[in-house]
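Reader: I am new to this structure. Could you walk me through how its parts touch one another?

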Amino acid sequence: MSRIGVFICHCGENISRTVDVERVAQQVGKMPGVAFSTDYKYMCSDPGQNLLKKAIQEQNLTHVVVAACSPRMHEKTFRKAVEAAGLNPFLCEMANIREHCSWVHENREEATVKATEIVGMMVERVKKNRVLPTITVPVTKRSLVIGGGIAGIQAALDIADCGHEVILVEREPSIGGHMAQLSETFPTLDCSQCIMTPKMVDVANHPNIKLYTYSEIELVEGYIGNFQVTIKKRARSVDEDKCTGCGVCMTKCPQKKIPNKFDQNIGMRTAIYIPFPQAVPNTPVIDRENCTMFKTGKCGVCQKVCGPGAVDFEQQDQLIIEAVGAIVVATGFDLYTIDEKPKGSLIKGYGEFGHGKIPDVIDGMTFERLASASGPTGGKILRPSDGKEPKQIVFIQCIGSRAREKGISYCSKVCCMYTAKHTMLYHHKVHDGQAYVFFMDARTPGKSYDEFWRRSIEEEEAVYIRGMVSRLYQKGDKIIVRGSDIAVGVQVEIEADMVVLATAIQPQKGADTLAQKLGISYDKYNFYSEAHAKLRPVECATAGIYLAGACQGPKDIPETVSQASAAAAKVMTLFSKDLLEREPIVARVKESGCVGCFACKKVCAYGAVEEKEIRDRQGNLIKTVAFVNPGVCAGCGTCQATCPSKSVELDGYTDEQIVAMIESL
Amino acid sequence: MTEPIDTSIYSAVTAAIQTEAQRILAAGLVTAIVGYAASRRNGSTQPIIVTDAAAAEKLIFTPASVNNLALYLTKAKKEIPKKGKIGIVVKGCDLKAIVGLMGEAQLKRNDLYLIGVPCAGVLASTVQPSTALTADTIASKCTECDARLPSDCDYVPNVQLPTQPQLAGKYAVEIARLEALTPAERWAYWKEQFAKCIKCYACRQVCPFCFCEQCLCDRNKPQMVDTTPRPAGNTAWHIVRAMHLAGRCAGCAECERVCPMDIPLNLLNRKMAKELKELYDYEAGFEVNDKGPLTTYTDKDDQSFIK
Amino acid sequence: MHPEKQTHDFEPKIIAFVCTWCTYAGADLAGTSRMQYPANVRVLKFPCTGRIDPVFILKAFQQGADGVLVSGCHPGDCHYIAGNFHARRRFAAFRKLLEFVGVDLNRLQFSWVSAAEGGKWVEVVTDLTEKVRAMGPMTEFKELAMEEQWSGAINTPELKEAYSQI
């Protein structure tokens, strides 16, 4: 039999002014199961809490109802007090007779009756409350970081510096990502390589970072604190332990004319290659599609010249399983494909701008490689078609971005700034050249950003034309750019030597496939979704998975680095305790009733519902039932409302508790 | 004399089922076949489980093959062999139920050998099994059937379905009639219907989708629905049942067929199906869906009823 | 300032099922803002509208509620990502069912009330209370509950015939 204690708070006069608290205490005191009821001036005060604790002990109370303010205000306070007195905190409920009663009604009689009913309802509820132990989940203090661009590098270094092991997985042969491709970076124009490569080397040398390049995520199982990740390490054909990175193989490789993706295919590389000189690791990889040995079975020059004997044509893809407690996703972005319409995509290409047909129409990243001192032209701005220096150059912004008719309605955020940067780099390298920019708006929020943009116009002589380009075509060795200047209201035509398109930022190819492996959600563009746009911007709804960088949405470098450090901080918060503690308001499956229709699994937004096989002693499958992982469940209860047989139940909000409340009314 | 319905193909269908059943049993492709066999009453059929190729000749298909045999794959599988594939004779409506059960992880396609029946209709439960099939004697569900020819089966007899006379959809007509009434009139109608209920739970027993091991309506901690056969509990039971079947019911109308008190139960299910079609463009069909209309959502769903 | 309290012949019983993050907080805000509304409503707190089972609504009516309110977060605001989206479909279907069996939907209100909408909470609760008050008591379920015995009427020709043969 329950011995319920009911404590009615006056809240100074906030409650007692409209509610006859003595009468409520008296009436409720007569309810079956109520062993003790009293009223007090301030229940939340120290004396009030002591009154509660003393009563629990002296009256041998089994459950407590505190009728006072909103539980959103003081539920934690009273549950702590109850716990201090030796009861499970979840045996205490609050009845809200202030916000929901005394403050919103003036009639004393009505308010008193209502308050009595509210308290009565909570008394009936608390009778059905069960002891709920705090949930603890063991945490593997190792982290996986997916993507070795600046976001992944920053997150990995922060976590590793904190003393935790990090597994960093990169799809390409080297880490560095897009930032390593950039020539100089806004708004300070420091060279990207100069600030990036030291971080890449730090990753390579860090005792806590295990680096897998040329590798991809194959499978993710488990949940927060306890993930098992299968990584597919593709065959490099070069033994990383033996290779010294001397580079002789590359100089001797007869295949020298393979477009280098890192140089946006305008520079060439060999079949055995590192994508760029500062690559980390500095171990070459054999591109099996273009290697003569793999194509014809004859050649093997690299193997012959390799001193340490590192070249291994027999190497196989490897599957490696790593146990981690947290995952940071930092897969970054890809540039909008201008000339081709991706299959099955809503997104339309920009065939009218001649990209891919007119050789001197390039995208922004290609311009970066032209401007880069380590790029294919050694930092000289030269046209891809004939190697001449362009004297008139046109930049066109918002290619793909903010173009609903092309299928992308968002702003890519960085193009205004990098186009301004491009005009400067161009002016620095081609003193007698002229840069034109077609733009819709200049969006330059950010520290020192607008100043930077103004500088491109005022000091670096870029001519900004507000309007869009209608047509581009080749005429002789010129590209005729036709557009409108809407500020002046005239048509303009520019004879350009080169055109640079500021193409939109899109998530990496395969972002959706990876999301499905991870069980995280993504938007219609395949950008990954954060748990809350404002308050949980680096967490996924799936517990234990965090986001960093442009995989979540277009971002510049400072923002990416901030988010990466924020994600790392979230991982470190998780790793700060050996056991993850959570409020036990989670769903539980009653296996005897579950028939395994998995409606619960279908509606769970957190992927907390798993399939569990029940077998007899001989190992024969009896049935497959749902299992709610308490480490992942967020406690919304949608599963219970969906379950036809109510075989899954949300602790703290069970059908018994709710029906008891309804029946009390 | 009402318009007759051509069921002449049923003899060819019967022959084809027998041949196929004999073949797959003899070849060991299946361990048993669930089908229809002649029963003692003139013209009636009853479900049969055939495990021997020699017994395949017992299988028939007639206008009295009313049962939804899907039940024998889940709840009533006592006599079904535990090992091997099971063959089953399915009408379009029954197949929809099987497809629904696959979507709810109760059945696996690979465990089944589906023998689809081109179906011109079956008899209403209110007429004698030997009655000729006419526009009057046909089961209500058959008047609105859109699934006379099952697809994606392992075998479908190669017979040409005869053209059907245009039949007025009996449920559609009745739903429209009820919808035109006032709430009070509708309440009076259903009050009278539910008052007949004796809580025999035949509707639950026969429903392929009532596969819960413990029904919510049998629970007593807490008691969600009064279990005694009184009007309040009866009404609650039928409301809860209709809600639990919403978006799942495949329209086999077995609940209505077996109801000893002739409560028009399928009317509730058809009404819900109609609403879900209008709201979310969902219909039970031959394609296995990952999620039903009430286990998924879009951010643009109708909310005109929400303040 | 304090208008004369009107007296009514009928005080409806209104049961509100609300989610804790938005509507419950909105009702709290109405309180902290000292807004006034009829005292007829009793609030049951849920973590999310996704947890609210249609059976609870049925139960509330059977238990004598004259009006039921279900309220949660606006679409996109759900603390649990999608609970309210699932609830929206579930209740869209359930109200159609109730309507079909003859429940007057004026007694069943759904709303989105955010934590910032104390005023909207007051409006929704006041409107429902007044609407239901004007409609009078919900008698349908209460009358059913009063009927203790099975009232199987022999009113079809088949049943009559069968009965006469016993």
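**Where the parts meet**

Author: Happy to. Chain C and chain B bury about 4,600 Å² between them, and carbon and sulfur atoms account for 67% of it; buried area is the accessible area (1.4 Å probe) that two parts lose on being put together, summed over both. This is a predicted model, in which local features need pLDDT of at least 70 and side-chain atom pairs count only at pLDDT 80 or more, while totals for chains, interfaces and linings use all residues. Residues are numbered from 1 along each chain as its sequence is written, chains are lettered from A and ligands numbered from 1 in the order in which they are written, and side-chain values use heavy atoms, with hydrogens and water left out.

Reader: How many residues of chain B are in contact with chain C?

Author: Contact here means heavy atoms within 4.5 Å. Chain C brings 46 residues to this meeting, and the number from chain B is 50.

Reader: Which residue of chain B meets C:Asp127 in a salt bridge?

Author: A salt bridge is a side-chain nitrogen of Lys or Arg within 4 Å of a carboxyl oxygen of Asp or Glu. The rule finds 4 of them across the interface of chain C and chain B. For C:Asp127, the N to O distance is 3.0 Å, and the partner is B:Lys307.

Reader: Which element gives the largest share of the side of chain C that touches chain B?

Author: Helices and strands are DSSP runs numbered from the N terminus (helices: H or I, at least four residues; strands: E, at least two). Between chain C and chain B there are 14 residue pairs in polar contact, both residues at pLDDT 80 or more; such a contact is a pair of N or O atoms within 3.5 Å, where within protein one must be able to donate a hydrogen and the other to accept it, and residues adjacent in sequence count only if both atoms are side-chain atoms. Elements giving two or more residues to this side of chain C include helix H2 (54-62), helix H3 (83-101) and strand E4 (108-112). With 16 residues, the largest share comes from H3(C).

Reader: Now for chain A and chain B: which residue of chain B forms a salt bridge with A:Asp655?

Author: This contact takes 20 residues from chain A and 19 residues from chain B, and about 1,600 Å² is buried between the two chains. In chain A, A:Val595, A:Lys602 and A:Pro644 lose the most area to chain B, together 38% of what that side buries. The rule finds 2 salt bridges across this interface. In the one formed by A:Asp655, the closest N and O atoms are 3.1 Å apart, and the partner is B:Arg219.

Reader: Within chain B, how far apart do the C-alpha centres of domain 1 and domain 2 lie?

Author: Chain B is divided into domain 1 (9-144) and domain 2 (170-295), with bounds that come from an automatic or database domain assignment. In contact are 26 residues of domain 1 of chain B and 26 residues of domain 2 of chain B. Between the C-alpha centres of these two domains of chain B lie 24 Å.

Reader: Which residue forms a salt bridge with B:Glu104?

Author: Across the interface of domain 1 and domain 2 of chain B, the rule finds 1 salt bridge. B:Glu104 takes part in a salt bridge whose closest N and O atoms are 2.9 Å apart, and its partner is B:Arg248.
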